[in-house]
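Keep the structure open as you read.

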Amino acid sequence: MSASVRRAVATDMYAVYRLLRRSTLNNRSLPLAARRRLFSPVWGGDQSYFGYLMEDGGEVVGFLGTLFTLRIIRGRQEPFCEIHSWYVDDIHRNNSLDLLMPVLGLRRTHTVVNYTPTETVHQIGKKFGFEDLETELRLFYPLPTATMNLRIIRRKWEIGSYLDPENLAIFQDHLDVFCHHFVILDRSGSAPLYLLMKSMRRKWYEPFGRLLYASDFKRFARLAGALAWRLCIRFGWQCIVSDERWFFRNEPSSFTQVVRREVPSQFYSTKVGRDEFCPVYSQPLLQGYRLH
């Protein structure tokens with residue numbers, strides 16, 4: 001069957017919502033309010049479209065979402081495009097790449113990233129030159145392996161006063177996003193440690209805390225033995241999970257385990273290196289998606 005591809009605009013939100021509700025995606029049950037977040041500019045993105053639609057006879061039969069953002073990377077402003085929610089119905093599945101090709105054209109001007117690929121999408125990305133991003137995870141277990149007098153600040157109205165301009169911008173960008181903000185103080189005289197985390201589940205009985213950003217990952221590793229068990233008890237997490245990239249040179253003070261990610265995230269960039277990525281400005285976080 002013939003089908004055409006065009007840019008998805010804000011008025012396509014309801015048609016995309018209906019399509020994804022009947023899809024096979026893990027996030028198909030997200031409510032309309034969560035989908036709406038992806039159909040308006042956010043985090044510096046100023047594009048007037050939000051992905052690509054596949055239509056057949058006026059019916060939406062496929063969608064690939066694009067989340068455009070701007071990030072400050074080592075003092076320079078870089079445009080990002082995140083791929084998400086790629087789905088095409090069975091009848092048109094052979095034409096799925098028609099949705100991806102316009103995004104591939106952005107690689108000269110944008111860093112393109114996919115934080116949640118399936119195995120099939122991961123293999124497609126490899127064929128088009130995408131590199132693996134997050135390949136291993138560090139799990140911090142709630143065993144008190146260090147004693148330290150820590151103060152954990154969670155009230156949003158207090159947190160801002162402890163942050164420098166760079167971290168204050170991240171905090172303010174995520175005030176209306178479902179996540180946890182912490183400032184950690186100790187008696188060492190060091191600067192406040194700012195953490196941005198998210199409550200997630202691998203399965204309904206496997207809750208954990210996902211560390212997405214730390215103002216100083218080396219310092220988090222040093223405090224982890226005294227900090228992880230406090231946070232896990234407070235939020236009912238089995239452990240804290242983070243990208244191993246930030247810790248392979250910083251041996252944590254707590255009991256940890258390194259595991260392979262089942263399907264690595266991917267990126268394509270001519271300007272941003274693998275060690276410069278942080279998933280804090282991402283689609284799963286924006287939508288409150290608890291499975292990634």
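Start with a charged pair: the side chains of Arg 260 and Glu 136 meet in a salt bridge, with N and O 4.0 Å apart. This link spans distant parts of the chain, since Arg 260 sits in strand S13 (residues 256–260) and Glu 136 in strand S7 (residues 136–140), 124 residues apart. Arg 260 has 56% relative accessibility, so the residue counts as exposed. Glu 136 is partly exposed, at 28%. Bear in mind that this is a predicted model.

Side chains of opposite charge can pair when their charged atoms come close. Across the whole structure, a search finds 18 salt bridges. Another joins Arg 6 to Glu 55, at 3.1 Å from N to O. Arg 6 belongs to strand S1 (residues 4–7) and Glu 55 to strand S2 (residues 51–56), so this pair ties together parts 49 residues apart in sequence. How accessible are the two partners? Arg 6 has 30% relative accessibility and counts as partly exposed. Glu 55 has 19% and counts as buried; the cut-off for buried is under 20%.

A further salt bridge pairs Glu 206 with Arg 202, their closest N and O atoms being 3.4 Å apart. Elsewhere, salt bridges that share partners build one network out of Arg 74, Arg 76, Glu 78, Asp 275 and Glu 276.

Now turn to the helices. Which residues of helix H4 (residues 119–127) are buried? They are Val 121, His 122 and Gly 125. Seen down the axis of H4, these buried residues fall within an arc of 105°, so they line one face of the helix. Thr 120 and Lys 127 are exposed on the other side of H4. The buried residues pack against four strands: S4 (76–88), S5 (111–114), S6 (131–132) and S14 (266–268). Just after H4 comes Gly 129, with a positive phi of about 90°.

Helix H6 (residues 165–173) can be read in the same way. Its buried residues are Asn 167, Ile 170 and Phe 171. They span an arc of only 100° around the axis, which puts them on the same side of H6. What covers them? The cover includes helix H5 (156–159), along with strands S9 (180–185), S10 (193–201) and S11 (207–214).

Helix H5 holds Glu 158. This residue is buried, with a relative accessible area of 15%. Setting aside residues up to four places away in sequence, Glu 158 touches Arg 151 and Ile 153.

Rolling a probe the size of a water molecule over the atoms shows where empty space is left. The second largest pocket holds about 790 Å³ of space. It is lined by 29 residues, and those closest to its centre are Arg 71, Glu 166, Tyr 213, Glu 276 and Cys 278. Strand S3 (59–73), H6 and S11 each supply at least two residues of the lining. Which element gives the largest share? H6 does, with five residues. By residue class, the lining of this pocket divides into 15 nonpolar, five polar and nine charged.

Arg 219 has its place in helix H7 (residues 217–235). Is this arginine buried or exposed? At 4% relative accessibility, Arg 219 counts as buried. Beyond residues up to four places away in sequence, Arg 219 touches Ile 184, Asp 186, Ser 188, Ser 190, Ala 191, Pro 192 and Leu 193.

Asn 27 lies in a loop, between helix H1 (13–21) and helix H2 (32–36). Asn 27 too counts as buried, at 6% relative accessibility. Leaving aside neighbours within four places in sequence, Asn 27 is in contact with Arg 35, Ser 85, Gln 283, Gln 287 and Tyr 289. Tyr 289 is 262 residues from Asn 27 along the chain, yet their C-alpha atoms are separated by 7.1 Å.

Note on methods
Residues numbered from 1 in each chain as written. Predicted model: local features only at pLDDT ≥ 70, side-chain atom pairs only at ≥ 80, totals over all residues. Heavy atoms only, no water. Buried < 20%, exposed > 50% of the residue type's maximum accessible area, 1.4 Å probe, protein only. Arc of directions from axis to C-beta. Contact = heavy atoms within 4.5 Å. 1 Å grid on protein atoms, 1.4 Å probe; cavity = no way out; pocket = protein on both sides within 12 Å on 5 of 7 lines; lining within 4 Å. Points joined across faces, edges and corners; volume = space filled by probe spheres on them. Nonpolar A, V, L, I, M, F, W, Y, C, P; charged D, E, K, R; others polar.
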